[in-house]
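Please keep the sequence and the model at hand.

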Amino acid sequence: MTDWQGRPIMQNTIKSILTVSLMSYCFTLYAQSPSSPPPNSYLPVVITQDFQTIVNNMTSAKPGIEQRQNNLLNTRYDLSNRPVQGVTMSRGKPIQGGVRVKLPTGTTWDSLAQMTPEQIKEKNLFPQGFLPLPHPNQAEGGMLFPKFEINELVKQEQRDLTRFDLDFDIPDHFLPEFPAPIYLTTRPDLGDVTKGRVVTLMNYFEIFNGILNPKQLEGLRLLLTPFPQQQFNQTNDRRTIKASRGVACLDCHTNGHTNGATHLVGDIRPQEFRHRIDTPTLRGVNIQRLFGSQRALKNVEDFTEFEQRAAYFDGDPVIATKKGVNILERGSQVQFMAEFQELLDFPPAPKLDLYGKLDPAKATQQELRGQQIFFGKGQCSSCHTPPYYTDNTMHNLQAERFYKFQKINGIMAAADGPIKTFPLRGIKDSPPYFHDGRLLTLEDTVEYFNLILQLKLTQQEKDDLVAFLRAL
């Protein structure tokens, strides 16, 4: 039997099979090529695997991924629990002390401080703990919560933020106290209005009725309302076993502060260049003028609306549409949420005067010496100006002068670019430090800037500066 061209059908069939097989093989080679596929700004919309297969694969990979991250942390840092005697956060949690970043073998902080950036880069002596910190799983990314936050929400709301593929990586003793107190600019006489409670949808009205006006109460309710998010939603493209109601703003910014939850910024591509982000506190947003990881948002209303539209979905509005985008009404909902956020005050600093400087009658001699360093040799006040210790702008530290570009657990340690000047008021309550949480203590932070700015501070000057920062 022949086809219409007179060729044997069997030969034609075999040839077709071979052609398809060859095309499939070539496509496979192309897909596996290091140069392909080309960078793509979009996440996959259609998931080709069934949900149980995704769960099985990611659950199996989880121990190896977490071991790799734990190895990195232990190589970089001293993670032991060594609190400072006599110094606590606002509600009494001990503050971790000491420099925790480990030095390269054979070096000291003083010897590094005497070297030029070029010498440190050439000899590969930049401390690993000063390099960008990767997400626990950089390739996957997504919101990741400390266990104490997860447990509290399960207890109060029966809403579970546990991911089947990943757990939080930084030990609890390096994180902010939980729950954090709430101080209001409108009612400083009340002190901590929460009285030690975590504010949720289940108790917010009881706590704040009679303290906030109706607009602010509604804004707080919305900030506590879970909405779908990239890893927490109802689709099969999620990272929770059960379909999730989503995430609320104050799941990360617990009590208007921070619980140390982490994520990846939504504004950079490809994935390996996306910065890890340590949740910043919402205290003092009323005096800030730059918001969002790209700092393109100029008020907290813009930021609130942007988060709901796309940032919850890694800056991808296509994925947001698929998983449940929540479009807020600007004139009421967004404004109400912003109004509450702008009431959140810094914790009391009893040693500061009206101008944000130390009162000599209340401060210790070490704190006063630290203040002199801050406004003098340390050059800290060039960016962090009182009374709130921010200049509301951005600065590029050009830390890449000290190291060669390299990939670390999936993140490219390249250039950070301009970074917002965050307020230093209440800084002792907000560890870990820097935008990605790479600096675990204030001592680490002082060592970082001493090296980056080439200040050549003595050990006494460093200790004094840390004492001053704890008083802010």
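Which residues in H7 meet which residues in H11? This is a predicted model. On the H7 side they are Lys215, Gln216, Glu218, Gly219, Leu220, Leu222 and Leu223. On the H11 side they are Gln333, Gln335, Phe336, Met337, Glu339, Phe340 and Gln341. By class, the residues of this contact of H7 with H11 are six nonpolar, five polar and three charged.

Two packed helices are described by the angle between their axes and the distance between the axes. The table gives these values for two pairs.

| Helix pair | Residues | Angle | Axis distance |
|---|---|---|---|
| H7 and H11 | 214-223 and 330-341 | about 95° | 7 Å |
| H9 and H11 | 300-309 and 330-341 | about 115° | 9 Å |

H7 and H11 pack at about 95°. That makes H7 roughly perpendicular to H11, because angles of 65 to 115 degrees count as such.

H9 and H11 cross in a right-handed sense. H9 contributes Val300, Glu301, Asp302, Thr304, Glu305 and Gln308 to the contact. H11 contributes Arg330, Val334, Met337, Ala338 and Gln341. The contact of H9 with H11 has four nonpolar, three polar and four charged residues.

Now to the serine. Serine 430 lies in the loop between strand E8 (419-420) and helix H13 (442-452). Is serine 430 buried or exposed? Its relative accessible area is 15%, so serine 430 is buried, the cut-off being under 20%. Which residues does serine 430 contact, leaving aside neighbours within four places in sequence? They are Pro176, His257 and Thr281.

Definitions and conventions. Residues are numbered from 1 along each chain as its sequence is written. This is a predicted model: local features need pLDDT of at least 70, side-chain atom pairs count only at pLDDT 80 or more; totals for chains, interfaces and linings use all residues. Side-chain values use heavy atoms; hydrogens and water are left out. Axes are lines fitted to C-alpha atoms, for helices over the stretch in contact, and angles run from 0 to 180 degrees between N-to-C directions. Helices (H or I, at least four residues) and strands (E, at least two) are DSSP runs, numbered from the N terminus. Angles under 35 degrees count as roughly parallel, over 145 as roughly antiparallel, 65 to 115 as roughly perpendicular and the rest as oblique. Contact means heavy atoms within 4.5 Å. Ala, Val, Leu, Ile, Met, Phe, Trp, Tyr, Cys and Pro count as nonpolar, Asp, Glu, Lys and Arg as charged, and the others, Gly among them, as polar. A crossing is left-handed if the near helix is turned anticlockwise from the far one by less than a right angle, and right-handed if clockwise. Buried means under 20% relative accessible area, exposed over 50%, partly exposed in between (1.4 Å probe, protein chains only).
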